[in-house]
Amino acid sequence: MKGLIDMVEITIIIPVYNGTNYLERTIKSLLNQTFKDFEILCIDDGSTDNSYELLKQLSNQDNRVRVFRKENEGTAARAVSYGLQFASGNFFMYASQDDLFSIDLLENNIRRAHESNLDAVIPNMEFYYDDATASHFSYKNEEDKSLIISGAEAFYLSLNWRIHGFVLWRMSIIKKVGFFTFNYNSDEYSTRIFYFNCESVGFSNGIFYYRKDNPNAITMKWRPYLLDVFHTYDELLKFIVNKTLPSNTTKIINGLIQMDLIRVYLIYLRSKANISKFESLTIESRFKTLYREKQYLFKEVDFRSNLKLKVINRICRVHYSIFKIFCYSYLRIKNG
């Protein structure tokens, strides 16, 4: 363990699995930051390519890069949780192995944290593609960067990601709450619980570039654990019981469950050609069970302010067979 003399201001943890196509750019976009007092903990989660060797090379070039290796456990959350024991920063950031950072992101974040004694600082975020002609989505936060919101308000806004989760956190919040590891997207659950435990949350002008063109990203192809998202929603619904939150909080989560039933089923359909008939039957059975468990939500949650979602809601609430027809039709229209 590091002694007090070796403590740094920010610890950035990057879980790594077969990331050689992006790792060097990601880490160098951190090493080039205008703010210098940080460490990067790279947790190699049993990569089968040469990610570990590349990380060791980068570590030899700059001692702020620290490399750890563990057996593969299949989720980024477990890698981050493992890495926290080695962290020496007063603040914490999490990033994927393919993300990028504006050169002043850390400087902007840490300045805001100290100026206003914040527990969390949210930079701007842009969806990033190597193809310069691709459409870029800018996730701009409040124009007034002096705005400060409460942790409960941030939790509420994060439910449907009106604020994102790539945040500078005070390390004491992370250590107090812990990093949840119950499934593949428990990191999203952790983010929301971190927000709830903050006293004050603010915004900065730094830019976090969230890569959207990695074909191997966990949300791009069908994997059975994509269904874990519904377990995460169940955990959120348990968490909000007896909490002081806006009255429509449960409705928002239930609406997200509806949309993710469609989203995850569409991912399955896009990958169906590469899935065996036996596995497809198993997946269809699981979706049918999920639909029957959640069908009541299509009737309870009515998207009155959004005509498109209202129409989808009315179509998909009828029966599982209609839900499937809608998804097949939607995919066919999307693919031209």
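Biologist: Why is Glu73 called partly exposed?

Modeller: Glu73 has a relative accessibility of 43%. Buried means under 20% and exposed means over 50%, with partly exposed in between. The value for Glu73 falls between those cut-offs, so Glu73 counts as partly exposed. Do keep in mind that this is a predicted model.

Biologist: Thanks! And what makes Lys70 buried?

Modeller: Its relative accessible area is 9%. The cut-off for buried is under 20%, so Lys70 qualifies.

Biologist: How do you know that Glu73 and Lys70 meet in a salt bridge?

Modeller: Look at the N to O distance between their side chains, which is 2.8 Å. A salt bridge needs a side-chain nitrogen of Lys or Arg within 4 Å of a carboxyl oxygen of Asp or Glu. Glu73 and Lys70 meet that condition, so the pair counts. As a general point, side chains of opposite charge can pair when their charged atoms come close.

Biologist: Which other residue forms a salt bridge with Lys70?

Modeller: Asp45 does, at 2.7 Å from N to O. That pair links distant parts of the chain, 25 residues apart: Asp45 sits in the loop between β2 and α2, and Lys70 in the loop between β3 and α3. Asp45, Lys70, Glu73 and Arg78 are linked in a network of salt bridges.

Biologist: Now for another pair. Why does the contact of Lys294 with Asp234 count as a salt bridge?

Modeller: The closest N and O atoms are 3.3 Å apart. The limit is within 4 Å, so this pair counts too. Lys294 lies in helix α10 and Asp234 in helix α8, 60 residues apart.

Biologist: Are Lys294 and Asp234 buried or partly exposed?

Modeller: Lys294 has 9% relative accessibility, which is under 20%, so Lys294 is buried. A search of the whole structure finds 14 salt bridges.

Biologist: What makes helix α7 mostly covered?

Modeller: Nine of the 11 residues in α7 are buried. Among them are Tyr189, Ile193, Phe194 and Tyr195.

Biologist: Which residues make the nonpolar surface patch?

Modeller: Val311, Ile315, Val318, Ile322 and Ile325 make it, with an area of about 390 Å². Helices α11 and α12 each supply at least two residues of the patch, and Ile325 lies in α12.

How values were computed. Residues are numbered from 1 along each chain as its sequence is written. This is a predicted model: local features need pLDDT of at least 70, side-chain atom pairs count only at pLDDT 80 or more; totals for chains, interfaces and linings use all residues. Side-chain values use heavy atoms; hydrogens and water are left out. Patches are made of residues with over 30% relative accessible area and no salt bridge: like charges are joined within 9 Å, nonpolar side chains (Val, Leu, Ile, Met, Phe, Trp, Tyr) within 5 Å. Accessible areas come from the Shrake-Rupley method with a 1.4 Å probe; for residues, only the protein chains shown count as cover. Helices (H or I, at least four residues) and strands (E, at least two) are DSSP runs, numbered from the N terminus. Buried means under 20% relative accessible area, exposed over 50%, partly exposed in between (1.4 Å probe, protein chains only).
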